[in-house]
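The following explanation moves from the overall fold to one helix and then to a ligand site. Please consult the sequence and the model alongside the text.

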Amino acid sequence: MPRWTSDPTGRSVAPVMASTGQTLTRTSAPKACSAARQPLRNLHPPDDATSRPTWIHRATIVVMSTAAVPAGNFSEWLRGAEASLTTGKGVTTTVPCGSCTACCRSSMFVHIAPQETQTIRRIPRQLLFPAPGQPKGHVLLGYNDKGRCPMLEEGNKCSIYRHRPRTCRSYDCRVFAATGVPVDERLQPEIAERVKAWKFDHDSEQSREEHRTLQAAAAFLRDHRDLFPPGTIPSHPAPLAAFAVRIFRQFASAAAATNVAPAGIVQAIMTSLAASRDAQR
Ligand code: SF4
Ligand code: SF4
């Protein structure tokens, strides 16, 4: 099963590719392939419920479970996701996938960096093509007309598991359950089912507060995308969820100030993101 070692949402959904038997044929190229990574600041949650900002107070944790599958401790997951997105180096966290292989069968392009030589040499050349918008050497692994990764064998085993792409190791569909960002049920029904089943546990009120804040941040991004500069808020669910993880502390700080209008929160987030970018240079 995929493990998360860096970016929990490093895959993307893109136009369908046609296949002839086992050989994939590219019919159109995807437009993007992974989410950017930016640092986050510390969260100083309000001490009591009455001091909660309106934006967070409105939110309740969205629980989408029918037959629950334990997702682990929410705050531990969040620290790992933040560290992963901040450093890009990742924290090795195993996703408790069990027998699920939904993300290998959900019509996703898998980005592979040129440094992943052991992986690239194990994948037939005709299955790889240049990753749009990426430097030379970055490639994408496509999927067949059933949406399956061509490296997935009968019996749903990854034929290159020990050398699977970093993107596969990093994919963690719990990010959707954590943020409340919905998966496209039409395009990825099996992932959507799994996301509905995840159930985080919270060992403290602070943990529940963090979860509420993260979901409020994600909802804020969706509801106020027009207030951000064009192109800032990703349209696809996976990068949107990752973006919410990256900015939720800035969101919490800005929203904690009383009487902050949405435009003020947007400005605070953008200022913080710009400062983070400057610090990285
Ligand atoms: S969809 Fe989620 S649970 Fe299923 S294999 Fe992928 S990461 Fe694991
Ligand atoms: S290479 Fe394909 S089959 Fe293997 S883990 Fe990645 S998506 Fe799944």
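The paragraphs below begin with the chain as a whole.

This is a predicted model, in which local features need pLDDT of at least 70 and side-chain atom pairs count only at pLDDT 80 or more, while totals for chains, interfaces and linings use all residues. Residues are numbered from 1 along each chain as its sequence is written, and chains are lettered from A and ligands numbered from 1 in the order in which they are written.

The chain contains 9 helices and 10 strands, taken as DSSP runs numbered from the N terminus (helices H or I, at least four residues; strands E, at least two). Of its 281 residues, 41% count as buried, that is, with 20 or more other C-beta atoms within 10 Å of their own; exposed residues have 12 or fewer, partly exposed ones lie in between, and C-beta atoms are placed from the backbone. Among contacts with a separation of 6 or more, 77% join residues 24 or more positions apart, a contact being a pair of such C-beta atoms within 7 Å.

Helix α9 illustrates how one element is packed. Residues I265, V266, I269 and S272 of α9 are buried. Viewed down the axis of α9, these buried residues fall within an arc of 130 degrees (taken from the directions from the axis to the C-beta atoms), so they line one face of the helix. Their cover includes α7 (205–223) and α8 (237–256). On the other side of α9, A263, T271, A274 and D278 are exposed.

Ligand 1 has 13 residues around it, of which C97, C100, A102, C103 and C173 come nearest; a residue is counted if its C-beta atom, placed from the backbone, lies within 6 Å.

Note on methods:
Two residues are in contact if their C-beta atoms, placed from the backbone, lie within 7 Å.
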